Amino acid sequence: MSEIVLRHATDADAGEAWRILDAARRRMLAAGKRQWSMEYPSPANVEADISAGTAIVAVDRSGRMSGYCSAPLTGEAAYDNIDGRWLTDGEPYLTVHRLAVAPEALRRGVASEMMRRLENYAVDEGMHSIRIDTNYDNEAMLRMLERLGYSGCGVVRYASGERMAFEKKL
């Protein structure tokens, strides 16, 4: 998967980023998964991510977008009240939210490669770890996190429900 490049998304990427997120959201809902809903994520989330400078896209050699996520360097408020314990309590970390792969790029290792490259980005930005959360029924994400060496740290809560929290020291 060396042919993808991660870069910050621009306003011009918003439509394609939303197409990727919407397709992932619809796949989850069709499979009965409850992490996302018809209301979340939304185009407004993509616009806010781009505006905040946290939107990251994976682009192949032809310039085609194959993945999207939000990767804030400023932490996540919900992570302050974990039911469990983080590996790097009090250290700066990168958060990964709304990781999604384009339908035409599924099962090609795009999400795993994005996570590996986000690890490098986090180190370059002075972060000590990456934190991410997912729903208990997102088996594909859970398998990927285990394969990439992420440790289960507990449970975090959002208005939409509880999520399993993971961290990897860098």
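Reader: Why does Pro103 count as partly exposed?

Author: Its relative accessibility is 35%. Buried means under 20% relative accessible area, exposed over 50%, partly exposed in between (1.4 Å probe, protein chains only). The value for Pro103 falls in between, so Pro103 is partly exposed. Note that this is a predicted model: local features need pLDDT of at least 70, side-chain atom pairs count only at pLDDT 80 or more, and totals for chains, interfaces and linings use all residues. Residues are numbered from 1 along each chain as its sequence is written, and side-chain values use heavy atoms, with hydrogens and water left out.

Reader: Where does Pro103 lie?

Author: In the loop between β5 and α3. Helices (H or I, at least four residues) and strands (E, at least two) are DSSP runs, numbered from the N terminus. Pro103 is 84 residues from Arg19 in sequence, but their C-alpha atoms are 9.5 Å apart in space.

Reader: What makes Arg107 exposed?

Author: Its relative accessible area is 79%. That is over the 50% cut-off, so Arg107 is exposed. Arg107 lies in the loop between β5 and α3.

Reader: Which residues does a cis peptide bond join?

Author: Tyr40 and Pro41, with omega at about -5°. Pro41 sits in the loop between α1 and α2, the latter spanning 43–52.

Reader: How do you know that the count comes to 0 disulfides?

Author: A disulfide is a pair of cysteine sulfur atoms within 2.5 Å. The sulfur of Cys153 is 19 Å from the closest cysteine sulfur, in Cys69, so the two are too far apart for a bond. The count is therefore 0 disulfides.

Reader: Why is Cys69 called buried?

Author: Its relative accessibility is 0%, so it falls under the cut-off. Cys153 is buried as well, because its relative accessible area is 7%.

Reader: What makes Tyr79 and Trp86 an aromatic pair, and why is it tilted?

Author: A pair of aromatic rings is described by the distance of the centres and the angle of the planes. Rings of Phe, Tyr and Trp (its six-membered ring) pair if their centres lie within 6.5 Å; planes under 30 degrees apart count as stacked, over 60 as edge-to-face and the rest as tilted. Tyr79 and Trp86 are 5.0 Å centre to centre, so they pair. Their planes make 45°, so the pair is tilted. By this rule there are 2 aromatic pairs. Tyr79 and Trp86 are both buried. Together with Tyr93 they form one aromatic cluster.

Reader: What lies over the face of Tyr93?

Author: Arg131, at 3.9 Å from the ring centre. A charge sits over a ring if NZ of Lys or CZ of Arg is within 6 Å of the ring centre and within 35 degrees of the ring normal. The 3.9 Å of Arg131 is within the distance limit.

Reader: How much space lies in the largest pocket?

Author: About 990 Å³. Of its 36 lining residues, the closest to the centre are Met28, Leu99, Asn138, Ala140 and Met141. A pocket, on a 1 Å grid over the protein atoms alone, is an open set of points where a 1.4 Å probe fits, with protein on both sides within 12 Å along at least five of seven lines; lining residues have an atom within 4 Å of a point. A volume is the space filled by probe spheres set on the points.

Reader: Which elements each supply at least two residues of that lining?

Author: α1 (14–30), β5 (93–101), α3 (110–124), β6 (129–134) and α4 (139–147). By class, the lining has 18 nonpolar, 8 polar and 10 charged residues. Ala, Val, Leu, Ile, Met, Phe, Trp, Tyr, Cys and Pro count as nonpolar, Asp, Glu, Lys and Arg as charged, and the others, Gly among them, as polar.

Reader: How much space lies in the second largest pocket?

Author: About 170 Å³. It has 11 lining residues, and Asp60, Arg64, Ser66, Ala105 and Arg108 are the closest to its centre. The lining holds 5 nonpolar, 1 polar and 5 charged residues.

Reader: Why is Val156 called buried?

Author: Its relative accessible area is 0%, so it is under the cut-off. Val156 belongs to strand β7, residues 151–158.
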